Amino acid sequence: MKRSINLWNSLDKTSVILFLLLVIMGWFNIYAAVYNEEHTRIFDLSQRYGKQFIWILAAIVTGIFALIIDNRFYFFFAWFIYGFLMLLLALVLVFGTEINGAKSWFEFSWFSLQPSEFAKFGTALALAGYLNTRRHDLTRWKVIIPASAIILFPALLTALQPDMGSTIVFIALFLVLFREGMSPYVFVSGMLAIILFFLTLLVNNFYLSIALVVLALLLIWFATRRWKIALGGGIIITIITAIFYLINHYVIQSIDNEIILLTAVLLSGLLVSWYIYVKKAIAVFVIFLFLLGSLVFVNSVDYGFNHVLPDHQRDRINILLGIKSDPHGTGYNVNQSIISIGSGGLTGKGYLQGTQTKFKFVPKQSSDFIFCTIGEEWGFLGSFVVIGSYLFLLLRLIFLAERQRSVFSRVYGYGVVSILFIHVFINIGMAIGIVPVIGIPLPFFSYGGSSLWGFTLLLFVFLRLDASRNEYLV
Amino acid sequence: MKDPFINRKYIVMALVITGFLALIIRLFVIQIVKDTYRLSADNNVLRYVTQYPARGLIYDRNGKLIVSNQAAYDIMVIPSQTSVIDTAEFCALLDITKDIFRKQMRTAINYSRRAPSVFLKQISDANYARFQEKMFLYPGFYVQPRTLRKYSRPVAAHILGYVSEVDEGLIKKNPYYKSGDYIGKSGIEEAYESELRGQKGVKIFMVDVFSRIKGSYADGSMDTVAVQGEDIISSINIDLQEYGELLMKNKRGSIVAIEPSSGEVLSLVSAPDYDPGLLVGRIRSENFARLQSDTALQPLFNRALMASYPPGSTFKPVNGLIGLQEGVITEDTKFGCDQGYLFVGCHLHSSPLNLPQAVANSCNSYFCQTYRRVLENKKYGSVEEAYIHWKSYLNQFGFGSRLGTDFVNELAGFIPPASYYDRFHGKNRWKALTVISLAIGQGEIGTTPLQMANMTAAIANRGFYYTPHIVKAVGHEGKIDPKFTLKHTINIDTAHFESVILGMEGAVGGMAGATARVAAIKGIAVCGKTGTAQNPHGKDHSVFIAFAPKDDPKIAIAVYVENAGFGATYAAPVASLMIEKYLRDSISNKAMEQRILELNLEENIKEDETEHKPVE
């Protein structure tokens with residue numbers, strides 16, 4: 001049994017200890033969250049903490065299996081696992097049971113399963129497999145597009161459930177692509193898109209559009225160092241907008257001002273295209289494209305937000321942005337959650353002493369809002385320890401990923417890092433009100449078999465790969 | 001191979017660290033910087049349940065219980081905790097209709113789904129007993145005990161006042177009171193509210209998100225205990241009070257009886273009155289509205305404190321006293337009377353008379369001439385000066401201003417200041433004869449029955465009084481406001497009082513021409529003075545003041561019977577019966593008692609009203 005001895009020696013014990021620490025802390029906090037005087041035994045199987053104990057045991061068994069299986073199994077079966085899980089994601093849309101307005105669960109007579117929790121593991125595996133075989137040159141669109149497709153396919157399927165949380169988790173895997181060489185501009189553009197998205201919701205779109213036009217003209221002035229071009233462009237756009245505005249005002253009367261501005265900008269662009277072509281003014285052209293893109297983005301976000309997004313998602317974003325205050329409606333959860341955590345103070349109210357949690361003021365306390373219990377009963381110090389443990393684990397995993405010899409293992413490692421990071425950030429962020437309410441579990445902490453096994457599998461497969469980092473995969 | 005993007009691991013690390021740092025900073029802000037969340041959490045979970053203390057009891061001067069408490073039960077409901085119930089059975093249990101059930105449920109739901117509200121007020125004991133047994137069948141409903149007033153006898157409503165729910169205006173002004181609390185209104189209940197109410201306590205419970213009580217907060221260490229209200233020992237004699245009200249049945253007017261040696265009010269009757277029990281419990285608001293809208297009888301109007309009459313001849317002893325003290329007459333000064341003095345008429349009696357005789361005969365001439373001498377006294381530069389001096393004596397007797405009793409709604413009465421006449425006649429343009437009617441207690445002067453009783457007590461005391469008060473002691477330690485033990489001395493020699501008292505004794509005791517023989521009681525030296533208060537609206541009011549016994553007086557009394565004519569006719573017998581009742585607890589002149597009990601002056605009043613109906 002030389003192999004298993006090797007496995008034990010080369011296994012990263014730090015990660016395992018952190019894993020066990022988080023799982024046990026989670027278990028105790030679930031006990032506190034659903035605590036009641038009638039069922040005080042932590043092993044009481046009729047209660048969530050009792051069941052979680054079973055899930056934990058099962059998760060440990062899962063972890064051990066993940067370690068025992070040959071590392072090459074994951075490499076060779078990556079696509080098969082991915083395909084199988086995608087099939088489940090597709091099937092859940094048809095055969096799934098609708099819970100809280102989303103078809104995310106397969107319900108069997110004695111247990112239920114959330115395939116998206118496992119699909120995260122499968123997608124990370126597939127991404128690793130793809131980038132390993134393609135020599136991972138992510139500077140080329142030929143590689144970026146298929147890699148993106150691997151991520152976007154499950155993102156799309158989960159969005160259809162609809163399960164916005166899981167969709168965002170898949171999107172987070174783009175971080176892996178960035179690490180592996182994708183242009184930072186894609187990333188920066190994404191960031192800007194997010195900023196513009198929020199501005200669209202917060203600011204009058206017409207004024208935002210005007211601001212964008214002015215910004216673009218200023219950029220042109222900086223780029224060309226000739227104010228006449230900027231001023232000329234401004235005058236042309238203003239004149240065309242004014243004409244359109246008057247026509248609309250007296251004849252059509254039904255077109256929004258920001259659409260008029262967008263059309264005016266487009267027409268102005270066509271008018272000056274000859275100038276751009278002759279003078280080879282690349283900078284002006286790029287800025288113009290950027291402006292056009294932004295305006296289209298603003299208008300489509302506005303449309304999408306008001307006409308496509310489901311009501312509850314729109315409400316959640318509205319509440320986060322302070323557009324809508326509604327402490328007893330949609331904002332109730334967040335409000336009570338912040339009260340719970342805020343009332344914890346520096347050292348907390350003590351284990352099982354949290355009044356907010358004990359008396360059920362926060363819904364979903366053992367799953368999505370488990371952090372309330374930590375914040376209220378353990379205070380800032382307890383919260384710091386939990387967040388510190390996650391940070392330590394993530395930095396450890398980055399370190400482990402970087403020491404891999406195979407691209408496969410490294411990409412997979414970064415996949416694990418991305419998935420865990422987005423989960424922790426969004427889950428805690430929503431509990432303290434800096435992220436909209438997106439129902440995703442806190443890894444290893446939250447109550448629930450599927451998520452716990454999913455995360456365990458995700459982590460331990462990586463630890464298995466790491467244990468054999470000196471062996472060649474092929 | 002060399003990884004060209006190896007440095008991007010730092011960016012990923014930075015991203016992770018930045019993200020977590022943002023979480024930590026936000027946590028720092030909400031957990032450590034801001035402290036409002038702890039308060040919000042407490043507000044969420046803590047329920048302050050007020051513990052109501054029992055209101056203090058009220059006893060009479062002999063320790064007889066007058067006002068006590070009775071338990072009442074309100075059915076409360078928390079709509080969110082109710083479930084589907086058998087409405088028909090529930091309604092039958094509480095003797096209500098389904099319509100009432102639906103209406104009350106709607107009201108409760110509109111008020112709050114999670115907070116308790118009153119479903120049914122003050123159910124009967126029988127209903128309570130039945131409901132208590134079946135309560136477990138109706139989740140969300142529970143019984144809230146409250147205390148209501150209970151009166152041992154249906155008397156003394158004006159003295160005791162009543163208790164009612166606080167209104168919004170008061171809640172805003174006084175933070176002690178919360179919606180649904182009770183407060184004393186009028187009488188002892190209002191004057192001694194802060195002593196009677198005690199101190200509310202609070203129990204702090206923890207509740208869950210459904211407002212269900214989960215246990216007491218901090219093991220009850222933050223709770224406060226309700227302190228029971230202090231008992232009040234009233235100065236009234238409840239038997240005398242009851243008797244007085246009986247005598248005044250079917251009449252209008254008032255009786256005020258005071259113990260001269262202490263200023264304690266023994267009895268205070270204002271007729272018509274009402275049964276205090278009418279203003280208790282569920283029937284309260286309906287009855288109150290009815291009493292208030294009774295403009296004919298005005299049962300809520302306390303005549304003893306709030307009705308101002310010209311005192312009439314009962315005022316003569318005071319004017320005689322002032323004349324003596326001012327030195328313008330002596331006990332032996334005699335004035336002739338030819339059935340009147342100038343334009344003031346007088347009845348037929350022997351003439352001339354000295355002061356005691358004049359008091360006993362109630363001679364108008366005598367007091368007009370005395371009053372003229374008082375105002376034309378050379379000692380003072382002018383009539384006005386002398387008038388001001390005369391008025392100061394009246395003020396010493398407690399006229400013209402509030403006495404400062406422990407009644408909350410006491411009228412000041414009216415003694416016209418000199419400027420009052422200046423306004424009508426011009427400065428220095430009026431003379432003694434202008435105001436001569438004041439000599440016999442008529443004219444612009446206005447006094448209340450309480451003030452007249454106090455004057456009588458001052459005469460009985462030969463020159464001093466204690467501010468009348470209705471409460472003998474607060475609590476069983478016998479605390480009392482020190483202002484009630486403060487002696488008010490009148491600047492008139494004791495010897496002068498004896499002259500006047502001699503006359504008052506004669507008026508009752510059978511001196512020649514005595515006006516109040518009817519008030520005599522065998523074996524008790526009663527001193528009295530009749531009076532007739534002019535009533536421009538109809539038959540004059542019958543007035544009588546008296547005290548007894550002459551030496552060491554135990555009771556001073558003023559009786560007003562409206563629309564009853566001369567003082568001797570009705571007021572004097574009433575006073576006599578009251579005195580005998582108080583001093584002997586039995587009545588010797590049964591015939592007179594019977595006559596008074598059977599007397600119904602409401603007939604007179606009805607005529608009076610039709611005669612003087614305002615022109616519309």
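Student: In which hand does α2(A) pass α3(A)?

Tutor: This is a predicted model, so read what follows as computed from it. In it, the crossing of α2(A) over α3(A) is right-handed.

Student: Which residues make that contact?

Tutor: From α2(A) come A:V23, A:W27, A:I30 and A:Y31, and from α3(A) come A:R48, A:Y49, A:Q52, A:F53 and A:I56. By class, the contact has seven nonpolar residues, one polar and one charged.

Student: Why would residues spaced out along a helix end up on one side?

Tutor: An α-helix has 3.6 residues a turn, so residues three or four places apart point the same way. With that in mind, look again at A:V23, A:W27, A:I30 and A:Y31 on the α2(A) side of the contact.

Student: At what angle do the axes of α2(A) and α3(A) cross?

Tutor: They cross at roughly 165 degrees and come within 8 Å. Angles over 145 degrees count as roughly antiparallel, so α2(A) is roughly antiparallel to α3(A).

Student: How far does α2(A) reach from its first C-alpha to its last?

Tutor: Compare the span with what the residue count predicts. Helix α2 of chain A covers residues 13-33, which is 21 residues, and reaches 30 Å, close to the 30 Å expected at 1.5 Å a residue.

Student: Which residues of α2(A) are buried?

Tutor: They are A:S15, A:L18, A:F19, A:V23, A:G26, A:N29, A:I30, A:Y31, A:A32 and A:A33. These buried residues pack against α3 (48-68), α16 (355-358), α17 (370-402) and α19 (449-467) of chain A.

Student: What does chain A look like as a whole, in helices and strands?

Tutor: Chain A has 19 helices and three strands. Of its 474 residues, 45% count as buried. Take the contacts in chain A between residues at least 6 apart in sequence: 69% of them join residues at least 24 apart.

Student: How many residues of chain B are in contact with chain A?

Tutor: The size of an interface is often given as the accessible area lost when the parts come together. Here we count residues instead: 30 of chain B are in contact with 36 of chain A. On the chain B side, α1 (8-33), α2 (36-45) and β8 (201-207) each give two or more residues. The most come from α1(B), with 17 residues. By class, this side of chain B has 19 nonpolar, four polar and seven charged residues.

Methods:
Residues numbered from 1 in each chain as written. Chains lettered and ligands numbered in written order. Predicted model: local features only at pLDDT ≥ 70, side-chain atom pairs only at ≥ 80, totals over all residues. Contact = placed C-beta atoms within 7 Å. Helix = DSSP H or I, 4+ residues; strand = E, 2+ residues; numbered from the N terminus. Nonpolar A, V, L, I, M, F, W, Y, C, P; charged D, E, K, R; others polar. Expected span 1.5 Å × (residues − 1). Buried ≥ 20, exposed ≤ 12 C-beta atoms within 10 Å, placed from the backbone. Axes fitted to C-alpha atoms, helices over the stretch in contact; angles between N-to-C directions. Parallel < 35°, antiparallel > 145°, perpendicular 65-115°, else oblique. Left-handed = near helix turned anticlockwise from the far one by under 90°.
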